[in-house]
Amino acid sequence: MMIKHIIGTRKLRNGIINGLNEISLACPPRVKDGIFQNWLAWSSQKRWMTKSKRVQDRSQNKRVHDLEIATERWKVISKVLVIMEVLRKEPEQIIPLRRLEQYKQQINLSKPHKVSDFIKKSPKLFELYRDKKGVIWCGLTEKAEELVKEENRLLEAHTNKAVEYVTRLLMMSVDKRLPMDKVAHFRRDIGFPFDFRTRWVHMFPEYFRVVKRDDVEFLELTSWNSSWAVTEIEKRAMMGINYVSESHSPGILSLPFPMKFPPNFKKIFRIGGKIEHFQKRSYLSPYADSRELAPGSQEFDKRAVAVMHEILSFTIEKRLVTDHLTHFRREFVMPQKLMRILLKHYGIFYVSERGKRFSAFLTEAYEGSELIDKSPLYLWKEKILRLTGYRGRRKRIESYNGSSDDEEDKLFDNNHDTKPSFLKVKDEEDVDTLEDASLAEDSEMDIGDVFEEYKDT
């Protein structure tokens, strides 16, 4: 069947070429050139589409069961946190259930699941009320309100680290300036406060400031901090030495990247030589000027690995959705096909493609499915998880089809009392569509059809 397909394709190609030759004999040179240019573009596009493979097909043999479990936990927590944030923005921290359904996209619930069904599965966090008109409202339980106050205290204590990470992101960027919208996507991942855009970014003018160019807000570096121009890998090599000279200047590095493979990975002996060669190759520090690097060169790609390693090190979970990385390709001077780099260096990174969004993990940061170094903000998220009824067990997690959002009901115990409690509250007022900019910052960004873009690694 395959041979017949190839022969048929060749006949079609040759027939088109012969037809173009006959047409071109009667055409002026300019028209003839246009015909062949269009043909070449179509021909190259056809070859590109037929030879490519899906990301899942290339990475299915490199799946790490434990990190897939971590991905499932994160998916549950992220949904709960969006709902909690919607509620805490309300004056009395309650909202009509009908209006809460409008946040379904931000919550990332797929059809046919409803927000109301998801809420009923976490009665320790959310309560339902009915007013005199029969309108059902949703609010936080007392336990959830205590957790909200605790998170505020933790974010306040995390301020110094958050300032450092924002400054280091700006120091890594090619123009020492990043679009505000893109930085805001890191809010939950790095631990920025809820008033990040409205108040927080204006509190530290000695480090960065907000500027507007062509009606677009940017966060711009105001002063270079040499002590922060040191990668996490360099810090580890210093063996706990905290002092860095003020004259420190980032340059060429030769430090190897920590790597971790799953116990059942049997191909390490085949690629061991390539790994050793990669680890010995010098590379430019993420904080050094990278304008002169040639795109596509080995040095260019290895610096991209260093940049992604550094960004992932800043995050609370040592994990990011990949579109938050790929949207910074220009600002951090990284390859256009960044997913290929992540998949190629699976000893450093691990890409989980469960659900609609891909997640990139820093493998060194995990032991099994557990994060090794858990910050207070991470421990806070674990408290939230324990109150959702998530069982933490999945069947045949290694053989999923990439669309596990339809299995959300399996993530929770069903032995909770899901009957809503009804109390008398104020009548429902305006329930028009509510657009919230701060929620849109963290809403799902479609990564598009990335499956067809990348060559074999």
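1. Let's start with the hairpin: β5 and β6 form it with two residues between them, and D214 in the turn has a positive phi of about 55°. (Helices, H or I of at least four residues, and strands, E of at least two, are DSSP runs numbered from the N terminus.) D214 is in the loop between β5 and β6, and that positive phi comes although D214 is not a glycine. With 75% relative accessibility, D214 counts as exposed. For the cut-offs: buried is under 20% relative accessible area, exposed is over 50%, and partly exposed is in between, using a 1.4 Å probe and protein chains only.

2. A word on what you're looking at. This is a predicted model, in which local features need pLDDT of at least 70 and side-chain atom pairs count only at pLDDT 80 or more, while totals for chains, interfaces and linings use all residues. Residues are numbered from 1 along each chain as its sequence is written, and side-chain values use heavy atoms, with hydrogens and water left out.

3. β5 and β6 are antiparallel partners over six bridges, where pairing takes at least two DSSP bridges between the strands.

4. F208 deserves a look. The residue belongs to strand β5 (residues 208–213), and its 1% relative accessibility makes F208 count as buried. Ring pairs link F208 into a cluster with F192, F196, W200 and F204. Rings of Phe, Tyr and Trp (its six-membered ring) pair if their centres lie within 6.5 Å; planes under 30 degrees apart count as stacked, over 60 as edge-to-face and the rest as tilted.

5. Overall, the structure holds 15 aromatic pairs. In one of them, the rings of Y165 and F314 have centres 4.7 Å apart and planes at 20°, so this pair is stacked. Y165 sits in helix α9 (residues 159–172) and F314 in helix α14 (residues 298–314), so the pair ties together parts 149 residues apart in sequence. Are Y165 and F314 buried or exposed? Both are buried.

6. How do those two helices meet? The axes of α9 and α14 come within 11 Å and cross at roughly 165°. Axes here are lines fitted to C-alpha atoms, for helices over the stretch in contact, and angles run from 0 to 180 degrees between N-to-C directions. α9 and α14 are therefore roughly antiparallel; the scale is under 35 degrees for roughly parallel, over 145 for roughly antiparallel, 65 to 115 for roughly perpendicular, and oblique for the rest. The crossing of α9 and α14 is left-handed, meaning that the near helix is turned anticlockwise from the far one by less than a right angle (clockwise would be right-handed).

7. K318 lies in the loop between α14 and β9. K318 has a positive phi of about 55°, although it is not a glycine.

8. Next, the open sheet: three strands in the order β9-β11-β10, with antiparallel pairing. β9 and β10 are at the edges with a single partner strand each, so one side of each has no neighbour in the sheet. From one strand to the next, the twist averages 20°. β9 (residues 319–321) pairs with β11 over three bridges, and V321 has S359 as its partner. β10 (residues 349–352) pairs with β11 over four bridges; its contacts include Y350 with F361 and S352 with S359.

9. What about the faces of β11? In a regular strand the side chains alternate between the two faces of the sheet. Both faces of β11 (residues 359–362) are covered: S359 and F361 are buried on one side, A360 and L362 on the other.

10. R177 lies over the face of F218, 5.7 Å from the ring centre. The charged end of K302 sits over the ring of F278, at 4.6 Å from its centre. The criterion is NZ of Lys or CZ of Arg within 6 Å of the ring centre and within 35 degrees of the ring normal.
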